[in-house]
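Look at the sequence and the model below. The text after them starts with pairs of charged side chains and then turns to the chain as a whole.

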Amino acid sequence: MADEIAPEYDVIVLGTGLTECILSGVLSVKGKKVLHIDRNDHYGGCVHRFSMISPSLQKYGNYAQGTEPWKQYGRLNDWNIDLVPKFLMSSGELTNILVSTDVTRYLEFKQVAGSYVQQGAGSKATVAKVPSDAAEALRSPLMGIFEKRRMKSFIEWVGSFEPKDPSTHKGLDMSTCTMKEVYDKFGLEATTKDFAGHAMALYQTDSYLDVKGGAPEAIERLRLYGNSVARYGKSPYIYPLYGLGELPQGFARLSAIYGGTYMLNTSVEELVYEGDKAVGIKATMRGVDPEMEFETKAKTIIGDPSYFPNKVRVVGHVLRAICILKHPLASTNDSDSCQIIIPQSQVGRKNDIYIACVSSAHNVCPKGYWIAIVSTIAETTANHHLELAPGIERLGRIEEQFMGPPIPLYEPLEDGTKDNLFISKSYDASSHFETTTDDVQDIYRRVAGEKLVVKGLREGIQVTKEE
């Protein structure tokens, strides 16, 4: 093994979370010599899935101590529960990267059956499918008859909008126009703005509304939603069979094919500096007898925040409740999977609440079960169950529920150009990967000095649709 470790690499990557695995795979394809290390004995980092989840239930579950909670639920190995519940936009950037790098040959995907949004709160709350085109807008129960016509006109305009063609701008100056001004131009009501901005454009707060010159980006995000729905129908989302843990492993295989070296069970003992710049690592590989200590250098070091505790800051906390159900979610047409977004203004919050639901159709649990994960950003320092309550109320009868403590959200203090350390951000509470791929693109640009350009979707991913 010692002979396999080179004295120097182009890039050392620390941690095998999805962000890090995408970057190691892409950089390997681009011809970089990559060493990829993880202190754990498995791939995935924060997106690692639980196959044997009883230890977590013993710590956070809602059953009596000393019992065997999972005995009644079949084999433990039939459960693959994601710790970070996220779906892929079928025309989104992560899907582009998967197709262009051919990682799709290692994965199978299934369509997520529906995308829904909640209006109102408590007993007055209603859940309905998010309209993706003008025809669906006319049928949607989310709006009254006159608002449906305005929304139909708005969606048709979004489809015809061209950033460089002022004749498609409705007389608005897109260099300074806010999205609030666009909505007002069409006379859209507050609740319509809510589901358009949060359930279609996937903004997490309302701050996007007043960004000067921000309208073109919001319109592009709306178009992405519509294009993703059009690709497979019913919803814009897809999800890998056996859970998200398949994604980092797919990119790890890609890196290995192009010469990348992987080492699990390896602890980084020290960063090696020359002046202000990190130029290498000292590490120990465990699980071998005797343990192997080594030192190697690199021009660039990439890693997740856990490897650089003094170079990141906490910018918030994610709350998640993992719930086991024996039924589909109400108002979702008995679907095998779905996303429900509860816009923050509907429940008097500053951040949206997300519900991601999958089932045995995705090979993540035995037949007859559903896994629903409710998540949001913490807004208080206590009563976290109450913060998730509007989402948990949507689930109906819960067989098992567990939630750990608030999960810190980290972001790097610097951009990495000064010290050669390029640090990823933590995964947020959203139930989609758009913010994660934004981070991948940003780190790649800083490391490579150029934008990560991927090929077009061509025929896209082969996806099993809802039966």
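K193 and D184 form a salt bridge, with their closest N and O atoms 3.1 Å apart. A salt bridge here is a side-chain nitrogen of Lys or Arg within 4 Å of a carboxyl oxygen of Asp or Glu. Side chains of opposite charge can pair when their charged atoms come close. K193 counts as buried because its relative accessibility is 19%, while D184, at 39%, is partly exposed. Buried means under 20% relative accessible area, exposed over 50%, and partly exposed in between (1.4 Å probe, protein chains only).

The model is predicted: local features need pLDDT of at least 70, side-chain atom pairs count only at pLDDT 80 or more, and totals for chains, interfaces and linings use all residues. Residues are numbered from 1 along each chain as its sequence is written, and side-chain values use heavy atoms, leaving out hydrogens and water.

A second salt bridge joins R313 and E411 (2.8 Å, N to O). This pair links distant parts of the chain, since R313 lies in strand β14 (residues 312-325) and E411 in strand β19 (residues 407-412), 98 residues apart. Helices (H or I, at least four residues) and strands (E, at least two) are DSSP runs numbered from the N terminus. R313 is partly exposed at 37% relative accessibility, and so is E411 at 21%.

D442 and R445 also meet in a salt bridge (2.6 Å, N to O). They are three residues apart in helix α11 (residues 434-448), so about one helical turn separates them. Relative accessibility is 27% for D442 and 43% for R445, and salt bridges that share partners join E8, D10 and K299 into one network. The count of salt bridges comes to 23.

Another helix, α9, covers residues 246-257 and includes I257. Its 12 residues should span 16 Å at 1.5 Å a residue, and its end C-alpha atoms are 17 Å apart, which agrees; the expected span is 1.5 Å times one less than the number of residues. Among the buried residues of α9 are L247, F251 and L254. Just after α9, G259 takes a positive phi of about 95 degrees.

The protein chain holds 11 helices and 21 strands. Its radius of gyration is 23 Å, close to the 23 Å from the globule rule for 467 residues, so the chain is as compact as a globular protein of that length. That radius is taken over C-alpha atoms, and the rule is 2.2 Å times the number of residues to the power 0.38. Buried residues make up 56% of the 467.
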